[in-house]
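Please keep the sequence and the structure at hand while reading.

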Amino acid sequence: MIRDNNMIELIGVTKQFGEMTAVNHIDLIVKEGEFMTFLGPSGCGKTTTLRMIAGFEEPSDGKLFIDHEDCDNVPANLRDVNTVFQNYALFPHLSIRDNIAFGLKLKKLSKEEIDKRVNKMIELIKLEEHINKKPSQLSGGQKQRVAIARSLVNEPKVLLLDEPLGALDLKLRKEMQIELKHLQKELGITFIYVTHDQEEALTISDRIAIMNKGNIEQLGTAEEIYDTPKTKFAANFIGETNLLTGYIVSQDSEKTVVNLHNQILTIYDADKKYKERERICVCVRPENMHFVDYLPDYSEEKYNTITCIYEEQIYIGNLRRHILHTPEGEPVKITRCARKGEVYNRGDYVKVCFSKKRCIMVKDEEV
Amino acid sequence: MKRKLGPASVFYVLLFLILLYAPIVMMVAYSFNNSELDMGWSGFTLRWYRELFAAEDAKKAVINSIIVSGCSTVLSVILGAFAAIGFHKFDFKGKDLLDSFFYIPTIVPAMLLGVSLLSLFDILHISLSKVTIIISHVTFCMPICFNNIRVALNGFDRSIEEAAQDLGCTQLQVITKVLLPNLVPAMLSGGLLAFTFSLEDVLTTFFVAGPKDTTLSMYIFGQMKAGMKPTINALSTLLIVVTVTLGIIMQILQNRSIAKSK
Amino acid sequence: MDKEKGKTKRKKGVLGNAFLTIGPMALWTVLFFVFPFIYIILVSFCSRDQFGNIVYSFSLDAYKTLTKAVYLQVIGRTLKMAAIVTVLVTLIAYPYAYICSKASKKVQSLLIIGVMIPFWINSLLRIYAIMNFTSKNGLINNFLMGMGIIKEPIQILYTTGAVYFGLVYSLLPMMVMPLYSCLEKIDPAVLEAGRDLGCSSRQLFLKVIFPLSIPGIMGGLVLVFVPAMFNFYIADALGGGKTIIIGNLISSQFSTAKNWPLGAALSVVVMLISTVLIFVKNKIEKARTYS
């Protein structure tokens with residue numbers, strides 16, 4: 001039998017807490033050596049899913065395989081996965097060295113082996129001068145390194161990280177993101193990472209699972225998710241986006257015609273099939289939205305054009321963000337290079353446009 | 001809002017503290033006073049301490065108290081710690097109710113506990129002895145230890161236990177390798193608190209002590225009723241030194257366990 | 001089906017473990033706390049024969065005896081005494097707790113330790129210290145004579161006054177601590193808001209600080225009032241056996257007088273009083289806790 005390289009397999013996994021469904025029938029495969037991120041708002045079920053893989057929660061239904069082994073009734077201490085907790089969860093009574101050696105000692109490895117592996121780990125996380133300190137004497141960033149080392153020293157098949165950088169300040173956070181990414185590539189261990197920070201997810205992941213209300217809304221690489229969000233939620237949650245509501249007029253094999261408050265638009269996106277008159281949202285990233293007046297190669301063939309009312313502009317260093325709204329009151333944002341000096345006044349009627357190929361449609365639904 | 005105190009406040013605080021400490025300081029001073037009581041200061045002496053150390057009944061009372069309070073403390077810490085860990089680890093119906101039930105012995109007046117236990121021992125034909133005192137003391141010391149350890153456990157981050165499990169601990173190992181080492185300060189401070197409560201109890205012990213099992217507090221009470229004696233001053237001074245030292249250790253332990261859980 | 005079975009099994013294990021850990025303490029409490037209390041309530045409805053033995057048949061004799069003027073007087077006197085002591089303790093402790101809460105952090109911890117240390121010391125010893133303090137040659141008499149207020153030492157020890165003094169003295173920390181922890185929690189911003197809205201210092205205290213400190217007073221109330229009813233050794237040692245409170249009465253019924261049903265009935269009465277007090281305290285605390 002040829003084995004695939006599936007490290008984690010979730011098949012119809014469901015978790016219910018009383019009446020509340022935290023995770024709703026999830027199917028997911030994580031490949032060996034992959035950096036997978038669960039991204040979603042709080043309460044979306046991402047942490048619960050992680051805790052089921054770790055063994056802290058039992059699925060109410062469904063199957064869970066780690067390296068092709070059925071995990072039903074395997075307690076957390078016998079699973080070959082380790083977790084890095086958001087608040088570090090270091091043992092306050094043990095020194096840094098003993099914290100890192102904790103798992104190895106439980107496995108009853110020889111003293112030399114433990115020393116060898118612990119020392120290698122301490123070197124890797126660059127905390128050599130702190131090994132005899134207690135956790136309370138370390139800074140947040142150092143504690144996080146220890147927590148990661150304490151898990152990695154056991155050479156688990158999968159490392160689970162539950163918002164591990166949540167308590168750090170922004171600058172340190174960005175540094176640690178890069179460090180984690182490098183560490184993962186170097187060791188080749190499968191990482192499953194939970195975060196609610198979309199930028200973080202885009203930065204570090206091989207693939208992202210966007211979760212909402214216990215479901216996986218979309219699964220894909222950062223580019224796939226950013227460029228072709230499959231649902232309104234995914235479009236909204238990752239990056240900034242303009243959502244213009246309308247309905248389907250007609251659809252053929254290569255393009256879709258949409259009515260947007262009585263403006264007829266053509267969109268070269270026919271991947272998803274819609275019924276006639278079905279309500280949809282057209283999503284356009286702010287950087288793909290242009291002012292007709294300032295677009296030299298503008299043509300009606302290539303671009304969809306709508307009229308908006310200008311509100312204000314916000315200068316944010318390298319970019320300038322223009323805020324407008326449609327006559328129906330839907331907000332429209334346009335980001336342009338800051339040095340381009342588009343000038344409008346509040347209340348001006350402005351023609352804006354976007355390429356017929358650089359926009360997609362999602363179903364209009366309650367998010 | 002936090003600024004220097006006004007002169008009236010300083011005066012009040014000083015008066016309050018002076019009145020609080022004057023009787024105690026005076027008692028300590030008189031234990032070194034070379035005169036039978038009520039005669040004013042007439043020179044330094046260690047005579048009363050020598051007399052105290054020579055007194056057989058005082059010695060016996062000290063030994064009794066160490067046995068009684070020691071046993072009560074150890075039993076209370078063990079039973080209290082077991083229950084606190086059980087409360088921390090397991091969920092079941094009626095847990096809150098059981099929780100408040102466990103605290104009742106601490107709010108019930110000590111004397112009522114004494115008379116009701118006396119009646120119980122009487123109907124069960126258990127003759128009064130050190131054992132009956134220990135039983136009574138454990139009844140009101142156990143909730144103190146239980147409470148102390150529970151507070152420490154409540155402040156303990158649950159993900160630390162999960163981390164231990166994640167790294168390969170069985171449920172039992174989580175308790176022995178992670179929970180217990182971190183509970184030592186709370187168990188010690190709870191134990192010390194229980195020890196002082198047991199040591200100073202008169203209201204319960206009065207009813208449940210056998211005739212030969214006079215504890216230190218009972219001994220002092222007996223002597224007090226007979227009037228004032230300089231040897232009692234000396235004994236009191238020694239006891240104060242012991243309890244204040246224990247108290248300070250307890251405070252330090254408590255601060256440490258609070259700092260640790262943060 | 002199989003899964004279901006696994007689950008019930010696990011649950012059983014949990015219950016078993018829970019029983020192993022919590023069981024001993026629960027059993028102990030039932031055996032040595034609940035049983036004796038039920039028993040003492042039963043005894044209060046029994047009578048006794050002429051040798052002091054309990055006769056196990058229903059009778060209200062003990063409660064009837066309680067309605068005799070002598071006993072009612074003692075109960076009345078005890079309640080009055082406990083009430084006066086509670087008021088005195090509150091009046092003396094409040095300014096101290098208030099000043100503590102206002103002081104800088106360092107001074108605060110010093111002042112609190114200052115009250116705590118005497119509290120650690122055996123209360124018997126403190127009473128013994130008061131005996132010394134109030135005796136004919138004690139500090140009070142010496143002080144008063146030194147100031148020229150009195151010529152001859154006055155009798156303080158073995159009077160009701162000494163009992164009051166001893167009760168107030170030994171129960172002070174019980175009021176300072178809950179009051180302080182309540183006052184200390186008041187957000188300074190609330191006081192500043194009060195000032196900002198035009199409160200004078202007096203109004204600030206009456207309208208903001210005092211109402212917010214009521215849970216603290218209630219906490220202290222139970223800790224002071226209940227012991228004040230029972231503490232027979234204070235009454236014995238400082239009152240010279242002349243001041244009889246419920247505590248003495250109960251104690252003598254169970255020791256010298258050998259009238260257990262009467263002692264039990266008295267116990268039931270004070271138990272009821274304490275319960276009502278704690279109940280009222282909890283009610284007020286609940287209504288007054290704003291967190």
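## A pair of facing residues

In chain A, Phe291(A) stands opposite Val352(A), a residue of β19(A). The strand β19 covers residues 349-355 of chain A and runs antiparallel to β15(A), to which 3 bridges join it; strands here are DSSP runs of E with at least two residues, helices are runs of H or I with at least four residues, and both are numbered from the N terminus.

The model is a predicted one, in which local features need pLDDT of at least 70 and side-chain atom pairs count only at pLDDT 80 or more, while totals for chains, interfaces and linings use all residues. Residues are numbered from 1 along each chain as its sequence is written, and chains are lettered from A and ligands numbered from 1 in the order in which they are written.

## The sheet of chain A

The two strands belong to an open sheet of 5 strands in chain A, ordered β15-β19-β16-β17-β18 with antiparallel pairing, where two strands pair if DSSP finds at least two bridges between them. Its edges are β15 (289-291) and β18 (331-337) of chain A, each of which pairs on one side only. On average, neighbouring strands of this sheet are turned by 50° against each other, direction ignored, the axes being lines fitted to C-alpha atoms and angles in general running from 0 to 180 degrees between N-to-C directions.

## Domains of chain A

An automatic or database domain assignment supplies the bounds, and it divides chain A into domain 1 (6-232) and domain 2 (241-363). The C-alpha centres of these two domains of chain A lie 39 Å apart.

## Chain B

Chain B has 11 helices and 0 strands, and the C-alpha trace of chain B spans about 70 × 65 × 30 Å along its principal axes. Of the 262 residues in chain B, 49% are buried, meaning that 20 or more other C-beta atoms, placed from the backbone, lie within 10 Å of the residue's own.

## Where chain C meets chain B

Contact joins 64 residues of chain C with 66 residues of chain B, two residues being in contact if their C-beta atoms, placed from the backbone, lie within 7 Å. On the chain C side, helix α1 (residues 2-44) of chain C gives the most, with 19 residues.

By class, this side of chain C has 44 nonpolar, 15 polar and 5 charged residues; Ala, Val, Leu, Ile, Met, Phe, Trp, Tyr, Cys and Pro count as nonpolar, Asp, Glu, Lys and Arg as charged, and the others, Gly among them, as polar.

Conventions
A residue is buried if 20 or more other C-beta atoms lie within 10 Å of its own, exposed if 12 or fewer, and partly exposed in between; C-beta atoms are placed from the backbone.
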